[in-house]
Amino acid sequence: MFIWTEDKKRWYKDALEYTGFAKMVAEHLKKYVSSEETVVDLGCGLGTIDLLLAPYVKHILANDISEIALDDLCHEMKQNEISNITIHQGDWETLEDEGSDVAVTTFFGSLEKEGEKLFSKCRDRLLLVKRNSLVDYASLPKGIGHLALALDEEKWLKDRNIPYECSVFEAEFGQPLVDEEDCLNYLESYKMDIKDEAIHDFVERARLKTNDKGYQYYLPNRKEIRVLCIRKCDVIK
């Protein structure tokens with residue numbers, strides 16, 4: 001389970017600003033919601049996507065277990081004068097069943113393991129934002145990264161003849177880092193298993209040619225993303 005810290009919050013926000021990743025995700029989610037609908041975001045994290053999606057829906061319930069993440073979302077809501085987001089701290093499974101028209105999860109949840117519970121949180125449809133490639137920093141040694149779940153989710157749906165809509169796009173969501181110390185702290189925080197003798201080589205390959213926006217290092221991370229839209233009535237008969 002991902003645990004937010006102040007450092008992880010800073011790294012994540014830096015990556016979002018540097019790459020514009022959240023804007024791309026929100027643009028694709030907009031296709032599947034309307035201004036008259038309510039949305040629940042299960043495991044919203046910092047809620048950046050919710051902030052971008054808020055103008056296009058009636059209301060968003062942003063759920064996460066992390067006080068650090070939700071405090072940041074609360075601050076951003078005030079800064080941007082957004083009033084149609086309600087924050088809920090706690091386990092997503094404790095949320096009211098069918099409390100919103102649409103449920104959204106981003107890089108979280110599994111249809112095979114939690115499908116029934118995920119669908120219980122929406123009245124009409126579930127939107128899954130999933131990776132569909134090997135998440136692998138180009139500058140990292142072999143073995144770093146993990147297989148994403150989009151293909152597994154689609155196989156689960158196809159095996160059951162469940163119809164769904166799919167939006168596919170590629171996006172960069174790498175990590176900018178201010179200096180070598182920040183780079184090493186990032187690797188340590190995420191427990192990336194790089195042998196001591198490879199650290200120097202890795203750091204050199206991650207160095208930017210210019211201090212773009214104040215960052216000396218960048219870890220590339222190109223992702224193929226799929227937004228799967230599944231109607232509850234096609235799953236729960």
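Leucine 42 has asparagine 63 in S2 as its bridge partner. This is a predicted model, in which local features need pLDDT of at least 70, side-chain atom pairs count only at pLDDT 80 or more, and totals for chains, interfaces and linings use all residues. Residues are numbered from 1 along each chain as its sequence is written, and side-chain values use heavy atoms, with hydrogens and water left out.

**Parallel strands**

Helices (H or I, at least four residues) and strands (E, at least two) are DSSP runs, numbered from the N terminus. Two strands pair if DSSP finds at least two bridges between them. The pairs are listed here.

| Strand pair | Bridges | Direction |
|---|---|---|
| S1 (residues 38-42) and S2 (residues 59-64) | five | parallel |
| S2 and S3 (residues 85-89) | five | parallel |

Leucine 61 has its bridge partner, threonine 86, in S3. From S2 the chain crosses through helix H4 (residues 67-79) to S3, in a right-handed β-α-β crossover. S1, helix H3 (residues 48-53) and S2 also form a right-handed β-α-β unit.

Buried means under 20% relative accessible area, exposed over 50%, and partly exposed in between (1.4 Å probe, protein chains only). Which residues of helix H6 (residues 150-159) are buried? They are Ala150, Glu153, Glu154, Trp156 and Leu157. These residues lie on the same side of H6 because they cover an arc of only 155° around the axis. The arc is that of the directions from the helix axis to the C-beta atoms. Leu151, Lys155 and Lys158 are exposed on the other side of H6.

The buried residues of H6 pack against helix H5 (111-120) and strands S5 (122-131), S8 (165-172) and S11 (222-231). Contact here means heavy atoms within 4.5 Å. After H6 comes asparagine 161, with a positive phi near 55°.

Helix H7 (residues 180-189) has the buried residues Asp182, Cys183, Tyr186 and Leu187. Their arc is only 135° around the axis, so they sit on the same side of H7. Glu181 and Glu188 are exposed on the face turned away from the buried side. At the start of H7, a side-chain oxygen of aspartate 179 comes to within 3.3 Å of the backbone nitrogen of glutamate 181.

**Cysteines**

Cysteine 183 is buried at 0% relative accessible area, whereas cysteine 166 is partly exposed at 33%. The whole structure has zero disulfides, a disulfide being a pair of cysteine sulfur atoms within 2.5 Å.

Definitions and conventions: A polar contact is a pair of N or O atoms within 3.5 Å; within protein, one must be able to donate a hydrogen and the other to accept it, and residues adjacent in sequence count only if both atoms are side-chain atoms. A crossover is right-handed if, with the strands pointing away from the viewer, the path from the first strand over the helix to the second runs clockwise.
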